[in-house]
Amino acid sequence: MASSQQPLSPTEQRNPRSAGLDDLDTLGVLRVMNEEDQAVLTAVADALPQLAELVDIAAERMRRGGSVHYFGAGTSGRLGVLDASELLPTFNLEPGRVVGHLAGGQTALVNAVENAEDSAEDGRRFGGELGPDDVAIGVAASGSTPYVRGALEAAGEAGAHTVLISNNPDAPVAAAAAAHIVLDTGPEVVTGSTRLKAGTAQKLTLNGFSTALMIALGRTWRNLMVSVVATNSKLRERTVRILCEAADLSDAEARELLERTGGDLKTALVVSFTSVTPVAAARHLEDNDGSVKAAITAVSAEPGPASRAEPGQSNA
């Protein structure tokens, strides 16, 4: 009689290439791990077209005031919390716009919380708080976590766009999501230890997703981190260096301009490339969702003196 059980996830299967792991010396162990890690880049590369679609959907919804929510347990959940928490200092993203939900809450960041990942009801409670402009992203290596299933089901019922990111092509939770992004990294070096290849692929994917999302929302300019929150001396000096390089200014000129713009790098950039005052530059940024590129374009479209070219470019 055929079994009704779900097939074992690749992430839980034994890896024949590491079967003799404890017979190896330390360098041998590390080489096996490194060789297996090569599969991570391939798995992420294969998922890029789907990831690009997700970025575009999330950007459109965030422009309408929506938010993005990661849901996960264990390593997967911690990676979601990490990715979300780094967006405020890196891109000055407002709290609540990208949120990481971890089964078991804050305690589970450093300690295992008994049965937390098995609570579909907890997932439903948080997923049910989302709305039609939001995006729910479940992250689960085996794609079978009840907490993630509950969150995606409730978020979908609330009208949110739902996506599962897993390392299992046959993930059972995929049925609860509108899309399934598969990171096919195969069995782990240490059987079932998804903090290894599966977790590394998830981190790369979340990094790529959130960074591309911030770029789409105008939180960078060229390849510069112009939305950085200068909360310490290192970051304040970085702000000066970015302005010097972007606007072809001397150190003294950059510091003087930042002084005039209240230390706001985006405002300083708009002032540098246009003829407007700091107040007008700040207004153009506000009118264009904080995008330096869009603000400069808006100023250039107004009657009056033309904006100066960027270093290496021509006004012609």
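View 1. Buried here means under 20% relative accessible area, with exposed over 50% and partly exposed in between (1.4 Å probe, protein chains only). Five of the five residues of this strand (residues 68-72) are buried, so strand 1 is largely enclosed by the rest of the structure. Strands (E, at least two residues) and helices (H or I, at least four) are DSSP runs, numbered from the N terminus. Please keep in mind that this is a predicted model, in which local features need pLDDT of at least 70 and side-chain atom pairs count only at pLDDT 80 or more, while totals for chains, interfaces and linings use all residues. Residues are numbered from 1 along each chain as its sequence is written, and side-chain values use heavy atoms, with hydrogens and water left out.

**View 2. The neighbours of strand 1 in the sheet.** Two strands pair if DSSP finds at least two bridges between them. Strand 1 runs parallel to strand 2 (residues 98-102), and five bridges join them; here F71 stands opposite H101. Five bridges also join strand 1 to strand 3 (residues 135-140), again running parallel. In strand 3, Y70 has I137 as its bridge partner, and H69 has A136.

View 3. Five strands form an open sheet in the order 2-1-3-4-5, with parallel pairing. Strand 2 and strand 5 (179-182) stand at the edges with a single partner strand each, so one side of each is left without a neighbour in the sheet. On average, neighbouring strands are turned by 20° against each other, direction ignored. Axes are lines fitted to C-alpha atoms, for helices over the stretch in contact, and angles run from 0 to 180 degrees between N-to-C directions. Helix 1 lies across strand 1, strand 2, strand 3, strand 4 and strand 5, and runs at about 140° to strand 5. Helix 6 also packs on the sheet, where it touches strand 1, strand 3 and strand 4, and its direction makes about 170° with that of strand 1.

**View 4. The largest nonpolar core.** Such a core is a set of buried Ala, Val, Leu, Ile, Met, Phe, Trp, Tyr and Cys residues joined through side-chain atoms within 4.5 Å. Among its 30 residues, V68, I137, F209 and L213 touch the most other members. Helix 1 (26-63) gives the most, with nine residues. Take a look at I137: not counting residues up to four places away in sequence, its contacts (heavy atoms within 4.5 Å) include L54, V68, L152, V163 and F209. Another core, of 26 residues, lies apart from this one, with L265, F273, A295 and V299 among them.

**View 5. The largest cavity.** On a 1 Å grid over the protein atoms alone, a cavity is a set of points where a 1.4 Å probe fits but cannot get out, and lining residues have an atom within 4 Å of a point. Grid points are joined across faces, edges and corners, and a volume is the space filled by probe spheres set on the points. About 30 Å³ of space lies in the largest cavity, which is lined by L79, L82, D83, E86, K203 and N207. Helix 2 and helix 6 are the elements that give two or more residues to this lining.

Notes. On a 1 Å grid over the protein atoms alone, a cavity is a set of points where a 1.4 Å probe fits but cannot get out, and a pocket is an open set with protein on both sides within 12 Å along at least five of seven lines; lining residues have an atom within 4 Å of a point.
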